[in-house]
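Dear colleague,

I am passing this structure on to you, and I would be glad if you could read the notes below alongside it.

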Amino acid sequence: MKIGVPKETADNERRVALTPEVAGRLVKSGLTVVVERGAGESASFGDEAYRAAGATVGVTAAEIFGHSDCILKVQAPSTAEVGLCRSGAALVAVFQPSAIGDVVSQLATRNVTSFSLALLPRITRAQSMDVLSSQATVAGYKAVLLAAATAGRLFPMLVTAAGTLPPAKVLVLGAGVAGLQAIATAKRLGAVVFAFDVRPAVKEQVESLGAKFVAMEITEHAETAGGYAKELSEDTHRRELAFLAQQVKEADIVITTAAIPGKKAPTLITREAVQGMKPGSVIVDLAAETGGNCELTQPGRDVTQSGVTIMGPVNLASTLPFHASQMYARNISTFLLHVVKDGALQLDFGDEIVRDTCVTHAGEVKKA
Ligand code: NAD
């Protein structure tokens, strides 16, 4: 079975789906791996390293797409890329089918069996394939570095001959995978860290990282059986906004990561709340791509309002492409080996990993 790894073509995408190390492991398991020339270059993986690992380096994207049994990508394919796929091939990437309806129909029409790892169930068995977690870890870490590089203050407390500097106060809103990593990173930089989430289970995790959980009374059940947050009722959300407007006044840095799967990100910081913040404060909104947790966030841009900088970075994982690709490659290869048996794709739709991630198969759209 031939596995193809094209160079990513989306703007600002520096990751690659397979690293040389993981390509080597697939080769040892009996698969043939063909990587497009320069595919790993922007993540610091050269063609030579892929060759040394036993992979072949192909010259053109057409060669990779046209001759592979399974394509491994990071971003969704473009229509031009789907046009290059051969009938009966498979493709694995990370995308929300509803956001790229045309591409999904085209994948079905071309009889490509496609999988999106964005749809992977968050179950223990699938943890080693969980790209959302691995890439959120990278984003949570980078968000704190962005804030530290933008703020006009130091993070740690310093006692110097030139006076004593108090530590920065960092508030993390949403303590899922990215939020917990942001807490850990801000702690390591010496900040005093506070965190808030609507899921009560999070309190213990926040405290185990040395941060303080700021609690608000929530009487409704804010967590699904799957462990995700639910959309709050209008009344609770109104109380949350008022509560957070008070909390952000005290903070020097606010990192927001709140999300509700399949929905627009909840608003946590209103325009008025920003006006109440200290000049020089920085908000890094990791939910910028899904609508933003701050009303003033603009995806991909930094906005300054009443002396507060609101950053809306997109695709942060791609800005640390070496380690982000390393984790991604391990996730996607574990998924691949789960669906490939004896050198061929063998799909068991009774398995929720296969059922939930499969977007198109046998000419049919399974997830629109
Ligand atoms: P996510 O990206 O969906 O959301 C980020 C955080 O935002 C969550 O902690 C959520 O509770 C919070 N949030 C949502 N609405 C909010 C609001 N109005 N105010 C404040 N916070 C709000 O979450 P995630 O990081 O993907 O993780 C969600 C859960 O899944 C966690 O419990 C995590 O530990 C779990 N998880 C399990 C597995 C597994 O078992 N394989 C893998 C990854 C994550």
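Predicted model: local features only at pLDDT ≥ 70, side-chain atom pairs only at ≥ 80, totals over all residues.

Residues are numbered from 1 along each chain as its sequence is written, and side-chain values use heavy atoms, with hydrogens and water left out.

Helix H6 (residues 131–150) and helix H11 (residues 321–339) have axes that come within 9 Å and cross at roughly 170°, which makes H6 roughly antiparallel to H11 (angles over 145 degrees count as such). Helices here are DSSP runs of H or I with at least four residues, and strands are runs of E with at least two, numbered from the N terminus; axes are lines fitted to C-alpha atoms, for helices over the stretch in contact, with angles from 0 to 180 degrees between N-to-C directions. In H6, Val 131, Ser 134, Gln 135 and Val 138 meet Ala 324, Met 327, Tyr 328 and Asn 331 of H11, where contact means heavy atoms within 4.5 Å.

Most residues other than glycine have a negative phi. Asn 315, however, has a positive phi near 50°; this residue lies in the loop between strand S15 (308–311) and H11 and is buried, at 18% relative accessible area (buried means under 20%, exposed over 50%, with a 1.4 Å probe and protein chains only). Asp 342, also not a glycine, has a positive phi of about 50°, and Asp 342 is exposed, at 78%, in the loop between strand S16 (340–341) and strand S17 (344–345).

Definitions and conventions:
Parallel < 35°, antiparallel > 145°, perpendicular 65-115°, else oblique.
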